[in-house]
Amino acid sequence: MKKIEAIIKPFKLDDVKESLNDIGIQGMTITEVKGYGRQKGHKEIYRGAEYVVDFVPKIKIEIIVDDGRAEEVVTSICKASNTGKIGDGKIFVMPVDEAIRVRTGERGSDAL
Amino acid sequence: MSESNMELKVKSGLSAGLINKKEALVKRFVQGNAPDFLESCTMLLDDYFQEVIAGSVAARKMAFSRSPVTLVALGGYGRGEQCVHSDVDLLILFEKKVPASTEELVKEILYPLWDARLETGYAVRTIKECLSMAWEEFDILTTMLDARFICGSSPVFFQLMEKFRNRLSRKYVQTSLNRLIEQSRKRYEDYGDSTYLLEPNLKSGHGGLRDYHTILWYARIISDIKSRRDLERYGFLSHDEFATLEGSLGFIWHIRNILHHITGRKCDQLHFEHQNEVAHRLGFKGRDTHRVVEEFMGDLHSRMDFIKQINIMLTEDIQLSKKARFFTSLQKPTQYEGIVIRERRLDFESMERVPGEPELLLKIFVESGRLQKPISIEARRIVGEFAYLVDDTFRKNPSNVEAFEKILSTSLWEFNVLNVMLSTGLLVRFIPEFGAILNKIQYNQYHLFPVDKHSIRCVQVINSFKGKKIDPAHEFYATVYREIKGRKLLLMAALLHDIGKGDPEREHSLRGAEITRKIMTRSGYGRAEVEETVSLVRLHLFLIKTATRRDISDEETAIFCAGKIQKIGLLRKLYLLTVADSMATGPKAWNDWSQALLRELFLKTAEIIKNRDVATLKTSRIIEKKREDVMLLADSLMEKQLMGKKNRGIWGKGADRDAQDHNHGHINGYTHDLDGAVWNRESLLKILDSLNHRYLLYASPQEIMEHLELYRNLKEKGGDFLWIVTSEKGSDIRTVTICGIDRPGFYSKIAGVFFLNGLNILGSQAYSLIDNWALDIFKVMPPKDRLFENEKWEKAERQLHQAIKDDSFLDRLKDRVPAVITTVFGQSDMPNRVQIDNEASSFFTVVEVFTHDFPGLLFVITDNLYRLGLDVRVAMVSTKIDQVVDVFYVRYADNGKIDDPEDGIRIRDSILDALPSVKNVLK
């Protein structure tokens, strides 16, 4: 199993959700997060005073899938969240040792 | 059977008896036959404990060993307010030491209760322990305040109470009071304000039972009162206040009992899922479930609000100096004659004065807000009774409107005068439209408050921006707040922003804008003030929607917002309104994350609006991108051209245009006879570099390409101007794109020629293109005679040439302008208005004309501007049914804004004179 963690622009959430639905992914966890990467923070000037926007609001999506589906999911997220501009986000893929469905105790892929 | 076994059996028999009796009591309650449930329930428990102790071997042993046991009821049980699933708090008290047989006693008394699943808490203490713990642990102190003797040795109990009181009054009064306030504050943070919440906590929220307990504790700390009734006897509450308090408490306890019964546990939060059932059991009836729940919750909220008000009054007393603590018969005057301060509450000097001076109804709230002093219960009743005196004449009276503005600006978190005004019914009398959102509940996850309370909260949030102690997170809002002018409009918009929600059929911000227009107009606000407030209501979701649904890092988003909002003043107000709206909605709508998104959008939009004509680094990047896109488009067109039609101009031919864009059909083609020349890449780049930035920001690459083609054709062909008429497929509107030498009056002459030919102008944009070339785009209705449409356009073109040569050519048109515009029923009959704004742009004066549509409108205005020596550089003209808002960026031909205010007035009057007057056909 793999965990796919994607950081995307907030307004792209609906697109990503839809494109994941299209390939049959139904479960995901969404978090409103703030951070910065190469995009860095920036300054906004208002009435001569500087306001530093140090962390940029983003959405984090977490999905666990079978190894075989990881690539497909990554491609789908990539396509849906791309605007071609700076700050489009990042996707991380990492291995998952175990998954357990609390109600039934099912393990592994069955628990997804 | 051993003796002790036998005893246990008797005990369990007793507890079974208790449970049976309690079940019977609950049953009677459910049937509606237990009006004194709390007392009865308390008595059942008392009976049980008395019987247990009477038959207890352990208790007898203790009495022999001279440490008799005393049972003391604490907490709610102590106050005699035992609800269906309330905890039972018990103190097992001994004088000096705890005997060894206590464990046995506890088994006898409590095990059966636990087995019967009665939540029972107990403590075993000596008098000394009780006293020392009371000052260490505030919760223990408050339970001691409620202590009540059940059975056992009464001298021990009284010894404890006497010592407790002595120490309390000698040393601990002020610290205890301080801790009481502190504890309440913490509780409000944890549980929120029940007088607003859609799922209020009956016990712990602000306005809940705990507020009443706090009142009682306060009174008990200060003077040794025994019962609730003593609150009135000792002068903590007036007679009316006490009576209302009793009613409110009874109502809440009743709900709490029902809730405990339904859920089968001690549940004090009134969740959505239970509200319907509780409402029905209380006798709220009706076919529409939502309506029933709304009515029920409205009642509950107003009662909780009363408890909250009483609590606030007494908290205020605690913070006041000691001497002011008790009622005095002294009466103090206020700034208004007829309103006095009596017994620390605001009051009418006499009820008889009110019918003759109905404005006192509002004034008492003005004073309440200004002095942050509560209004007496009696005065509230009077306001409610005489609210009918508020009629349209009252509402239109400017001094009443001003009084209301004052009330709005003094409605704060700590002291909510607007909410009191709402609860008396006066607010709805003053703004009848508010009645539609009264107690209106929104069934979703976001909204924690009914619409009316949410609206009032929104006003409070805005007032909090001007507070002295500003939370660092709010500092930015305070900065923006300090810059805005016309704060009363922002407050009005905050109060009215959701008023459209009373009409579920329509989108609420649009409906709300209509209602707001009506209210603001009735209240006698000026046109600009009405328009601004209406815009705020109409756009109140615009920023938050854009911030969450568009890419805010994309400059186009900010340009889009700037285009929609136009003015920095409006943007600032809209931003604060959005923030207040979100904050007043609840934590799900407002967090650090959404706050960051919104602020960034605001800052970027502000920058665009302020630097509209200046190329910033960012805007120039967009423009750069636009230029590249135009070049790419040009390349692809050239390629197409080279492949096929070698001898024809690529952008010049109608046929080619059709091939590029199927949505366009050519009506007339003055550009046909071209020699087939192709744009030279270098010259195209050069022209793109010199184009006006604002134009580049707003026009699409396709449009730019088309316009440049026109420009090139004109230069090659020579002449004053060139135009091209296109029609959009499926639409009966013609777009006339005109490129010409930008000489004074050019714009007004085009408008005049269209008027001359009966071509109705629907909209227009004017740009200064390159050097001294103007580009004007008009949307017009085609001539009625379609058969000879081309001929008609040709004629119009000839006339424009004439008009350019002969300045008086169009003078005859002035007679054709109607002298009066008649509007019919349902149309607005607002008078014409002209607004001169020097702030919106650093290079131009913005002239805004609000009027009604009539033939020749645009010509009349622009011809006037031309005769006044003003150049129209940018024009935004739009017609919506009967309302016209035309915006012109003008400056004097010698490059100056209209700086002289007198000049501004002259210009305004001149335009107003030229416009026909407005008359409603029915008036």
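1. Lys625(B) is partly exposed in this predicted model, its relative accessible area being 48%. The side chain of Lys625(B) meets that of Asp629(B) in a salt bridge, with N and O 3.4 Å apart. Asp629(B) is partly exposed as well, with a value of 26%.

2. Are the two partners buried or exposed? Arg712(B) is buried, because its relative accessible area of 8% falls under the 20% cut-off. Glu716(B), in contrast, counts as partly exposed at 43%.

3. Do also have a look at the salt-bridge network in chain B. Arg79(B), Glu81(B), Asp146(B), Arg220(B), Arg228(B) and Glu246(B) are joined into one network by salt bridges that share partners.

4. One further pair deserves a place in this note. Glu349(B) and Arg353(B) form a salt bridge in which the closest N and O atoms lie 3.5 Å apart. Glu349(B) is partly exposed, with 37% relative accessibility.

5. Now to helix packing. Two packed helices are described by the angle between their axes and the distance between those axes. In chain B, helix H11 (residues 239–263) packs with helix H12 (residues 272–281) at an angle of about 125 degrees, and their axes are 10 Å apart. That angle makes H11(B) oblique to H12(B), because values of 65 to 115 degrees would count as roughly perpendicular and those over 145 as roughly antiparallel. The crossing of H11(B) and H12(B) is right-handed.

6. Finally, a point about the surface. Which residues make the nonpolar patch of about 300 Å²? Tyr111(B), Trp114(B) and Tyr122(B) do. Of these, Tyr111(B) belongs to helix H5 of chain B, residues 102–115. Tyr111(B) is partly exposed, at 40% relative accessible area, so this residue passes the over 30% limit set for patch members.

Note on methods: Residues are numbered from 1 along each chain as its sequence is written. Chains are lettered from A and ligands numbered from 1 in the order in which they are written. This is a predicted model: local features need pLDDT of at least 70, side-chain atom pairs count only at pLDDT 80 or more; totals for chains, interfaces and linings use all residues. Side-chain values use heavy atoms; hydrogens and water are left out. Patches are made of residues with over 30% relative accessible area and no salt bridge: like charges are joined within 9 Å, nonpolar side chains (Val, Leu, Ile, Met, Phe, Trp, Tyr) within 5 Å. Accessible areas come from the Shrake-Rupley method with a 1.4 Å probe; for residues, only the protein chains shown count as cover. A salt bridge is a side-chain nitrogen of Lys or Arg within 4 Å of a carboxyl oxygen of Asp or Glu. Helices (H or I, at least four residues) and strands (E, at least two) are DSSP runs, numbered from the N terminus. Buried means under 20% relative accessible area, exposed over 50%, partly exposed in between (1.4 Å probe, protein chains only). Axes are lines fitted to C-alpha atoms, for helices over the stretch in contact, and angles run from 0 to 180 degrees between N-to-C directions. Angles under 35 degrees count as roughly parallel, over 145 as roughly antiparallel, 65 to 115 as roughly perpendicular and the rest as oblique. A crossing is left-handed if the near helix is turned anticlockwise from the far one by less than a right angle, and right-handed if clockwise.
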